[in-house]
Amino acid sequence: MIGVIIPVIVLLAIILIKPIPKIGGNVTAALAIAGVTALLVNGVVNPADWASAWLDGFNRLAWVIWIAIFGMIYSETQTTMGAVHTVLETSRSVFGKSAKGLYVASFVAMIIFGALLGEGLSVAASVGVLIIPAMMDLGLRTTDVSATIVLGALIGSLCPPMSNGIVLASSLAGADYDTVLGYSFITVPLVAIIVIAIYTFKLVKIKELPENLRTNKKVGEILKENWTTLIPTLLLILIMILRYGPWKNTVNLDFVAIIFAPFTKLVSGIPFISGLSNLIVLTLIVCTIVAFFFKPVRERGIGDVIATGFKNYIPCGKVHVACALMLGAFYKAGLIDKISDWAMTLNVHVMKLGGSLAMGLMGMITGSQSTVQNVIFSFFAPALEATGMSANSVALAGAHIAMGSQAFPPSDLCTIVVIGLVAASTGKECDYVKSMMTSLLGFLILYGSGVLMLYILPVMGL
């Protein structure tokens with residue numbers, strides 16, 4: 001495990017010790033150097049292997065990179081169309097003077113969209129941009145806004161009915177999906193309530209909205225005048241409901257997947273370009289194209305919208321380049337296998353805490369709850385069941401642990417995307433590390449809730 005620990009220590013040291021000459025506090029440098037350290041410590045010294053590791057990292061991050069790029073372009077269309085203004089005015093109308101009420105509404109909106117769409121990154125990249133102005137009006141820092149969007153999107157994506165995390169956990173544990181989903185209607189909202197309450201009182205310092213931020217218009221009046229600005233967002237919701245609805249196993253209503261099937265097949269074997277076949281990426285592309293037909297976007301110029309969106313992506317792209325090196329290096333150096341092998345040697349009596357720790361470490365390295373589940377939970381679940389836990393309890397706990405783990409520093413992929421959106425929307429810097437550390441408490445609560453379930457659910461007889 002020393003080969004795992006040293007690169008992580010190097011990464012954290014560079015990020016946290018700002019007096020280090022040239023690189024102190026530089027996230028991009030920290031990610032790249034941590035990747036190089038992982039290769040060297042684990043005996044990978046051939047430059048060709050380094051290059052292949054970097055390319056592999058790009059390949060693994062391809063869908064994230066494409067989501068970030070098209071998410072930036074999509075956000076430009078929404079700002080230009082006035083969708084952001086519509087959502088902001090509606091929120092102000094509903095909550096009037098209450099600053100905390102407006103924050104809670106924004107947080108809940110992210111969770112609801114996450115529950116409907118079932119995929120955190122897509123919610124953060126497409127819907128999150130709509131609530132940025134509202135939260136900035138509350139006096140929040142850009143890192144607070146980013147953390148709120150990431151928390152809402154990822155917690156929401158665990159929320160039923162469209163919970164990919166629970167689907168995967170149930171499959172790996174051999175549990176009854178409907179039963180686990182039924183339990184999650186209690187556990188996930190409970191975690192959400194706790195997290196929202198903590199962050200509302202932690203981040204919102206003003207008691208009332210300033211007069212200049214209020215509106216005298218009623219909700220119905222605002223929506224009647226501006227409902228067309230929400231069409232691309234409503235289309236995105238419709239696509240995701242058709243894709244992940246209860247009918248998905250009997251009839252395919254995902255018209256995006258059907259239309260792009262030839263394209264998906266064409267690019268499937270092409271490194272990096274294959275990331276364009278991701279259905280979330282294709283959905284963003286479709287909704288962006290629809291937005292291009294609206295008059296405000298056409299008047300501004302489609303070329304200008306695309307160019308501005310890509311320009312806004314560049315700062316985020318620099319982090320992606322370094323993150324690709326680190327992620328590829330971790331896989332090339334065998335760190336993923338080492339964590340997996342370590343977890344398999346654990347004694348039964350420390351299986352619950354040790355396996356949870358292994359899932360947390362995997363989340364720190366990969367930033368993916370599906371990887372955490374496929375690599376660690378695939379053998380952790382049967383081991384837990386061997387201790388007498390029911391498959392349903394194991395699946396419910398595992399889904400919470402994996403979802404919390406994926407947002408642990410340093411490889412929080414959702415934050416990597418969202419900081420760029422917030423920076424582009426506000427014109428202000430949004431620090432990657434500060435955003436991750438701000439959201440960390442919420443994800444520790446989500447992670448901790450899963451660990452707690454490993455002990456409480458058997459006692460409850462579930």
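Reply: Gladly, and we can begin with Phe272, which has a relative accessibility of 25%; the model is a predicted one.

Me: Why is Phe272 called partly exposed?

Reply: Buried would require under 20% relative accessible area and exposed over 50%, so Phe272, at 25%, counts as partly exposed. Phe58 receives that label as well, because its relative accessibility is 21%.

Me: What makes Phe58 and Phe272 an aromatic pair, and how do you know whether the pair is stacked or edge-to-face?

Reply: Ring centres have to lie within 6.5 Å for a pair, and the centres of Phe58 and Phe272 are 6.4 Å apart. Planes over 60 degrees apart count as edge-to-face, and with 90° between its planes this pair is edge-to-face. Phe58 lies in helix α3 and Phe272 in the loop between α14 and α15, so the pair ties together parts that are 214 residues apart in sequence. Ring pairs also link Phe58 and Phe272 with Trp54, Trp66 and Phe70 into a cluster.

Me: Why is the contact between Asp49 and Lys332 called a salt bridge?

Reply: A side-chain nitrogen of Lys or Arg has to be within 4 Å of a carboxyl oxygen of Asp or Glu, and the closest N and O atoms of Asp49 and Lys332 are 4.0 Å apart, so the pair is counted as a salt bridge. This pair links distant parts of the chain, with Asp49 in helix α3 and Lys332 in helix α17, 283 residues apart.

Me: What makes Asp56 and Arg60 a salt bridge?

Reply: The closest N and O atoms of Asp56 and Arg60 are 2.8 Å apart, and the cut-off is 4 Å, so the two form a salt bridge. Both residues lie in helix α3, 4 residues apart, which is about one turn of the helix.

Me: How do you know that the charged end of Arg60 sits over a ring?

Reply: The charged end of Arg60 lies 3.4 Å from the centre of the Tyr331 ring, where the distance limit is 6 Å, and the position must also be within 35 degrees of the ring normal. The charged end of Lys352 likewise sits over the ring of Tyr455, 5.0 Å from its centre.

Me: Why is Glu299 called exposed rather than partly exposed?

Reply: Exposed means over 50% relative accessible area, and Glu299 has 58%, so the label is exposed. Lys295, its salt-bridge partner, is also exposed because its relative accessible area is 51%.

Definitions and conventions. Residues are numbered from 1 along each chain as its sequence is written. This is a predicted model: local features need pLDDT of at least 70, side-chain atom pairs count only at pLDDT 80 or more; totals for chains, interfaces and linings use all residues. Side-chain values use heavy atoms; hydrogens and water are left out. Rings of Phe, Tyr and Trp (its six-membered ring) pair if their centres lie within 6.5 Å; planes under 30 degrees apart count as stacked, over 60 as edge-to-face and the rest as tilted. Helices (H or I, at least four residues) and strands (E, at least two) are DSSP runs, numbered from the N terminus. Buried means under 20% relative accessible area, exposed over 50%, partly exposed in between (1.4 Å probe, protein chains only).
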